[in-house]
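Student: I would like to learn how to read the inside of a protein model. Could you walk me through it?

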Amino acid sequence: MFINKLNQLYKPKRILYYIIPTEEEISDYYKGIMPEALKPYVNAFGTYDIPGVFLIHSFEKEVIGIEYRINDSRISYPSELKSIELEEKFFYSVELDEEIKITKGFIQGVFDSIAKDDDAHRLYSDFSIQDNPNIIEVFSDFKKMRILYEGTLEKDSAQYVINKDPQSLDKNRLYNLAFYDSITGHYNWNHLVAFLEMPQNKGITDYAFVHFDIKEFRVINEVYGHIAANRVLCNVVEAMNNADFVYESARCHNDNFAMMIKDMPEEETIEKLQKFFDRLSHLPEDPNYKIFYRCGFVPMQKAMSLGNRVADAGKMAQALGQNHNKTEIITYSDKMHNDISWGNYIKAYVETAIENDEFVVYLQPKFDIHKEVLKGAEALIRWNYKNKEFLSPGRFIPFFEKDGSIGKIDDIVLKKVCEALARWKSEGKKLYPVSINLSRNRMYDKDLISHLSSIVDEYGIDHNIIDFELTESAGYDNTDHMINVLEELRAAGYKISMDDFGTGYSSLSLLTKMPLDTLKIDKSFVDNVSTASEREEDIIVVKHIITLAKELGFTCLAEGAESKPQVDRLRDLGCEVIQGYYYSKPIPIDEYDKKYL
């Protein structure tokens, strides 16, 4: 069982609207099925979290409910539900595997274990896990269980920071060095952390969070000088101090800033932030120079559930800003978090998955559309994740390409294909070429060709029935090196295909230099052929790609044909080979064997 210690967080006095559920409703909730009575209020304005299961000491049994900020005239409260006011509390938050069965006894055991060796103390405060909690909150979200367990505040040094009481800490100079930025005279990140940990000490019951930086700040420093750059930093601080929606703020480091802001409807927040940055977009030293910002915004509900780790979410959203010529305000979402968490998880799990033989190869047949005979197949990877569900390549290939694990996946596909080919060879069956995707990241692998050949040769497979596919849309930093690798592959006897032709940025002059055997027309061009949305321009492009392929001596293959009219039209246009659902979807190797060999 994996227990992820998330954070310690504070919840203000609030009101819980709830239903008394049946055992079936509780069971359904943990399966991801929300009670109908609560569905209208999921992510409603003023809620502190998603609906959850609440174990309250004074109640006979658990309830399912949702927490709201109290006494806010802007909020539409679910008055038809039962309600109870909950006092302000500190919680210790953990995340558990989706498969864990949640009971009060189980939760108690988890936190008894954590209490023995917990070292997650906060910078300005400390609290212990309460022996007999008055409330436990459980949230089922994105196939994980998040448990909030009541804690007891043991130490609160944040009040000395917030109330500017340096004597209780140490000397004034130490206070200033610790909590003020020397350039702007404004508070630094250490100071803001106190408010994030103990916001109630300042009367802040809830807040949204913003983390932003100045795009191309280095240019301002280098071109206009440090004085001008420092003036920009000071202007940002002045704007934060004057903004009526900012509770607290800080210059974190370099050109990075953070703000705790009032909770407002998202559209209003974005509008206020846009105006805030617009007022800071001009450089006094050069009216023609436009300053842009990159901002990550964490809505109140997420900020409250993240507690003192909210900055991680803000930075995560901020990092997605890639456009240099505009101010970007990016709202943090669960999908962002889940994508990154999933990527980190499968990076750690991939070796176990390989050991458990969870990666499965499917084959999609290719057909000669003039003779209506089999020409070969493409090998496609699927992940039988924990032997429970099949994941499509889009759920893992991009992550493995990013972290460098893709080579292991490519090797698995090659080995499984060669194993099948060797078996068919021993059975005396006719062998057809099989194409295998080769990641662009592997173009720089040392001894790539000898490594691939060692796998193929181990199974006694002729090189000329292995076809390596490269994706045109991927792009390559060093095209000369890429062409050299392809020429080495060709010299070793392998076939080479360019996948997804027409979706990338390869020049036609580069195409003339590449030692290709097959040019695969991307599915996006085929989709409109012989359909109601067909345009003359689509046909012209497809026709000329086919002509280009033939005149360069390549076999032309069209991907994604799903109907007979499409196949007939592509045949009339001169296409030679089809790979698409009209003939067959990707199928397991054994099924391919029985059906086509």
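Student: Which residues does Trp383 touch, not counting residues up to four places away in sequence?

Tutor: Contact means heavy atoms within 4.5 Å. By that rule Trp383 touches Trp342, Ile346, Tyr349, Ala353, Glu358, Phe359, Glu389, Phe390, Leu391, Phe396 and Phe400, not counting residues up to four places away in sequence. Keep in mind that this is a predicted model, where local features need pLDDT of at least 70 and side-chain atom pairs count only at pLDDT 80 or more, while totals for chains, interfaces and linings use all residues. Residues are numbered from 1 along each chain as its sequence is written, and side-chain values use heavy atoms, with hydrogens and water left out.

Student: Which members of the largest nonpolar core touch the most other members?

Tutor: In soluble globular proteins, nonpolar side chains tend to be buried together. A nonpolar core is a set of buried Ala, Val, Leu, Ile, Met, Phe, Trp, Tyr and Cys residues joined through side-chain atoms within 4.5 Å; buried means under 20% relative accessible area, exposed over 50%, and partly exposed in between, with a 1.4 Å probe and protein chains only. Here the largest core has 82 residues, and Phe359, Trp383, Ile466 and Leu489 touch the most other members. Helix α13 (residues 406-426) gives this core its largest share, 10 residues. Another core, of 77 residues, lies apart from it and has Ile19, Ile56, Tyr92 and Leu96 among its members.

Student: How many aromatic pairs does the structure hold?

Tutor: A pair of aromatic rings is described by the distance of the centres and the angle of the planes. Rings of Phe, Tyr and Trp (its six-membered ring) pair if their centres lie within 6.5 Å; planes under 30 degrees apart are stacked, over 60 edge-to-face, and the rest tilted. The structure holds 42 such pairs. In one, Tyr349 and Tyr385 have ring centres 6.0 Å apart and planes at 75°, so the pair is edge-to-face. Tyr349 is buried at 11% relative accessible area, and Tyr385 is buried at 10%.

Student: Which residues form one aromatic cluster with Tyr349?

Tutor: Trp342, Tyr345, Phe359, Trp383, Tyr385, Phe396 and Phe400 form it together with Tyr349.

Student: What lies over the face of Tyr349?

Tutor: A charge sits over a ring if NZ of Lys or CZ of Arg is within 6 Å of the ring centre and within 35 degrees of the ring normal. Lys386 lies over the face of Tyr349, 5.7 Å from the ring centre. Likewise, the charged end of Arg395 sits over the ring of Trp342, 4.5 Å from its centre.

Terms used
Helices (H or I, at least four residues) and strands (E, at least two) are DSSP runs, numbered from the N terminus.
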